[in-house]
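I opened this entry to look up salt bridges. The notes follow in the order in which I took them.

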Amino acid sequence: MSACKRLLAVLRPGRSPLFRRVATWSPVGAAFNARQQRKLDLFHRSNVGLFGVPELTCPDGFAAVGERALRETERLVEKACQSLPGIITVKTFDQLSDSLCRVADLADFVKVAHPDPAFREAAERTCVNIGTMVEKLNTNVDLCNSLKNLLDKSDIMASLDPETRRVAELFMFDFEISGIHLSEEKRKEAVNLNVRLLDLNNEFLVGSHLPNKIEKRMLPDHIHHHFSKEGNYIQIGGLHAEATDDLVRELAYRIFLYPNTSLLQTLEELLKCRNKLANLVGYESYANRALKGTMAKSPETVMKFLQLLTDQLSARTAQDFEMMRAMKAKLNPRNAELMPWDHPYFSGVLRAERFNIEPSLYSPFFSLGACMEGLNSLFTELYGVSLMAEEPSAGEVWSEDVRKLAVVHETEGLLGYIYCDFFHRPDKPHQDCHFTIRGGRQLDNGQYQLPVVVLLLSLPLPRKSAPTLLTPGMMENLFHEMGHAMHSMLGRTRYQHVTGTRCATDFAEVPSILMEYFATDHRVLNQFARHYQTGQPLPKSMVTRLCESKKVCGAADTQLQVFYATLDQVFHGKPQDRSTTDILKDLQEKFYGLPYVPNTAWQLRFSHLIGYGAKYYSYLMSRAVASMVWKQCFLKDPLNREMGERYRQEMLAHGGGKEPMLMVEGMLQRRPTVEDFVDALVSDLNPDFETFIMDSEA
């Protein structure tokens, strides 16, 4: 079937008269507001395999796909080593990267999200096999020399376009951090450290999510029902931060964060191995290695950013804690001391008291279908892009609730595909995330390899009487993840190695966080936020309350993130002759303000240390950039097509193929300083009392 015909095969609106009385859904709205009903397969279509990969009709197909990728890898390695230095070198390296990533990325997704354990296990084995091959390639001296020969020829490098030069340098960086330039003995040591780190990373990640147990008799009977039970034990699997009972929050905090000696040792060894590897390949610390190529560039810049932000927030943070303290004293006069387990709860109480932002008041205006219509409308206004629902082929998706969207530009045609795995099911990860399945790249025949991504959410399924209704937080998360997806779709890089979100970590969150600003702008919400039964638009005053409520205790919330980011930096800086718990105690006092609780080890639950080692600050810096882009470029008119096109060309089109700060500079027409980042974050916390009063009166 041709692409055009497939696009016409949109899902028809479901019959849901109980909850849609005022108008009809667009095809994309209908696809998400009704329970998925696959068309009756009258023609017994053949199984095309997951994501249209023919071998993946069954778990055993992963072995065939992996073997094919490894054979292709051998061919491309030989080609790279035999080619004369030039653009062909970079193209061959990118083809090599693509042949492995197309299997590894798909397997990375399947191993966590497929409902069939056999598929998950097969995908896991494939990830290990591809990972082993990548380690071999990163220490292949002949392969490295073929790239080095190019980089050493300044005349040839000067003739290449900037994106090609950057990609060549990025590939060489991958070799260098694997110790390719070392003696054979030290290179083996680097390989052994990398192998050990894989095990330590997995041990820590698994351990950080395991619950802690305590005997039932150790806890008061009247709070047992708050926790899960296992025989004579109670399991504490989280902080229960939203519990109204102070005792529940306190005990959950103390028990869940109680130090696990074995896991403490794992963390200590992990940090030592990371530092040793960084030193071995020529870096002063793991943080120095991790920050190369980022906007921040160095640990010194990150620490300056975090310290300046702390200085700017200190007075407001103290005020926030005082407000929480007063609220706790009001509700619990006998125990008024503010403790770390109180912060999330009492900040929420204060928001609710001041602005009446009960989620159930907002959810009827945010049906999933309406939100998808809103995203479609926004992307059409900004970029000339439409989201079109397609019927997946037999065997293409892993669950009947997965929706497939074609992303179509008004003049450029089909840009790529987004698979929307939005609904809760057993054994599915409870996290919102974006997976690249296939990166975009320019093909030798002049065509473009279309990007394919998956968005993973965990939303309730629609019911007969009502569509899926989103809380404001769910709606913002949807916009956030769609920001990542559109980064992947709208990028048109020559090389898949730098496609879409394959860019510096402290830049990668900018497009997704910027979408959060669109999600809370009344002019954008007015395009789609309608009550699912009455059609009534969401009142502007409710939007204003929602936006202003986020600023309540905003300084304390931001300061908590600063504390986490600082802890991450110090853990990955120069080694210190003290335990991770002693470091945490010290930094909690300096960068947070609420007291350390004896016999707790919060760092053992800091799972971001694995995926974001030395880069946890990225969320704050990305938010600062998104804030500046929003205020300077979109605040006046969030639906401005000219600005949308400029944003695409300056920031989305390049993926990681351009230095991140150059992209920011191109958009803002100036290079922001660390002080500018801090000012942007602090100004976001300023209450807009005038607007709130005007809206309330209206």
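I took a salt bridge to be a side-chain nitrogen of Lys or Arg within 4 Å of a carboxyl oxygen of Asp or Glu. The model is a predicted one. Under that rule I get 42 salt bridges.

Entry: Arg-623 and Glu-516. I find their side chains in a salt bridge, at 2.7 Å from N to O. Arg-623 sits in helix H25 (residues 618–634) and Glu-516 in helix H19 (residues 510–519), so this pair ties together parts that are 107 residues apart in sequence. I looked up accessibility next, with buried meaning under 20% relative accessible area. Arg-623 has 19% and therefore counts as buried. Glu-516 has 14% and is also buried.

Entry: Lys-631 and Asp-684. I note a salt bridge here, with the closest N and O atoms 2.8 Å apart. Lys-631 is in helix H25, while Asp-684 is in the loop between helix H28 (674–683) and helix H29 (689–697), so the pair links parts that are 53 residues apart in sequence. For Lys-631 I read a relative accessible area of 34%, which makes this residue partly exposed.

Entry: Arg-196 and Glu-203. Their closest N and O atoms are 3.9 Å apart, and I list the pair as a salt bridge. Arg-196 is partly exposed at 29% relative accessibility. Glu-203 is partly exposed too, at 36%.

Entry: a network. Which residues are linked in a network of salt bridges? I wrote down Asp-246, Arg-249, Lys-328 and Asp-342.

Note on methods. Residues are numbered from 1 along each chain as its sequence is written. This is a predicted model: local features need pLDDT of at least 70, side-chain atom pairs count only at pLDDT 80 or more; totals for chains, interfaces and linings use all residues. Side-chain values use heavy atoms; hydrogens and water are left out. Buried means under 20% relative accessible area, exposed over 50%, partly exposed in between (1.4 Å probe, protein chains only). Helices (H or I, at least four residues) and strands (E, at least two) are DSSP runs, numbered from the N terminus.
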